[in-house]
Amino acid sequence: MGSDERIPQLGVAMVGHSFMGAAHSQAWANAPRFFDLPLHPRMLVVAGRRPEAAAAAARKLGWEESETDWRKVLLRDDVDLVDVCTPGDTHCDIAVAALEAGKHVLCEKPLANSVAEAELMAATAERAAARGVRAMVGFTYRRVPAIALMRELVAEGRVGTVRQVRAQYLQDWIADEDAPMSWRLEKDKAGSGALGDIGAHVVDLAQFVTGERITGVSGLLETFVDERPLPGEAGALRGSAGEGRGKVTVDDAALFTARLSGGAVASFEATRFAYGRKNAIRLEVNGSAGSLAFDFEDMNVLHYYDATDDPRIAGFRRIYVTEPQHPYVGSWWPAGHGLGYEHGFVHQVVDLLRALGEDRQPEPSFADGLQVQRVLDAVERSSTAGSQWTEVPA
Ligand code: SOE
């Protein structure tokens, strides 16, 4: 697809080309096809360690070239932004080097594998921002229209004062104890298990929707299966097992309660052992004047209960979030047609490009990513200390 030559280009390089790399690639390609943008992304180069795999990914995902060494990508003058889609153990090195080389960065979640790494990344991003170089962390689900609408409705006071938040992220892709190993089950690669992989999303969402911060937690982590078959060719997320076995070194399930800065209390649950729950991100907010409820497995719907309604007709109303008045929706299909998983990634790129075009900080920033990391760390420390109440450093 040709680009409008009157719109300045932004040269993009992506590091990593598996699941997230594919999700991000379609976003870079689709954003300018559906949204009016101040910058037109040019998909210059994808980096991956194995030359054939990187070249095949470039062809399939729509990148002009491939590269095996991400450091070489940073030397290129035509690269303006580096999109980090690798496992967590490499986020810090790549993002810090890219920012220091003057490249904007989009980095997958969770921001890092430890608070120390996240602090370094946030500090580097702050220094880079003074030079107009921007960094954003990919908490993509913020950009699901029903979630963005949920935030708008809470901010408008439609549920009154928020009293309780119920947040769950439930999957089942490793519930079978013979499901293969994945880097997501190794602490040195992923930092933590369900907690960081999917719990990080609901931590971000609860804070995003309420506009409040988690100030303290009591956590409980559990590992049910500590050894699994190594993955085969098709990869762990596709359930393909190969030869040999590997050790699981992360949590399989993470549960915690929390206090929020505005006075609300919250419960969180992240697990990949909830048979039958495929990608159930469930978020419910109960306030003094009503409730809002969302489940990603029905992602175009938001449920709203207005406690000021006549009690004879009060009940949860099912809002089909597919109208042009809803966040992001108007740029897609005619009303009523609905969106999917991939659209959140497109909206993420749209918001990032608009922020860059207007020379402002995109959200969520690396500072936001660091704050989520501090929550995850507090949950781990609390669990180790027998679920002891643990404050989250501000
Ligand atoms: C696997 O649990 C995974 O791909 C996560 O890593 C993503 O962040 C989530 O969006 C979907 O599930």
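Predicted model: local features only at pLDDT ≥ 70, side-chain atom pairs only at ≥ 80, totals over all residues.
## Overall fold

The chain contains 10 helices and 17 strands. Its radius of gyration is 21 Å, close to the 21 Å that the globule rule gives for 394 residues, so the chain is as compact as a globular protein of that length. Along the principal axes, the C-alpha atoms fill a box of roughly 65 × 55 × 40 Å.

Of the 394 residues, 49% count as buried. Among contacts with a separation of 6 or more, 70% are between residues 24 or more positions apart.

Strand S6 spans residues 135-138 and is covered on both faces. Ala135 and Val137 are buried on one side, and Met136 and Gly138 are buried on the other. In a regular strand, side chains alternate between the two faces of the sheet.

Strand S5 (residues 104-108) runs parallel to S6, and 4 bridges join the two. Within this pairing, cysteine 107 stands opposite valine 137 of S6.

## Contact between the domains

Domain 1 covers 9-140 and domain 2 covers 144-384. The C-alpha centres of the two domains lie 23 Å apart. Their contact takes 41 residues from domain 1 and 40 residues from domain 2.

On the side of domain 1 that touches domain 2, helix H1 (19-34), S5, H5 and S6 each supply at least two residues. H1 gives the largest share, 9 residues. The residues on this side of domain 1 divide into 27 nonpolar, 10 polar and 4 charged.

Notes. Residues numbered from 1 in each chain as written. Rg over C-alpha atoms; globule rule 2.2 N^0.38 Å. Buried ≥ 20, exposed ≤ 12 C-beta atoms within 10 Å, placed from the backbone. Contact = placed C-beta atoms within 7 Å. Pairing = 2+ DSSP bridges. Domains from an automatic or database assignment. Nonpolar A, V, L, I, M, F, W, Y, C, P; charged D, E, K, R; others polar.
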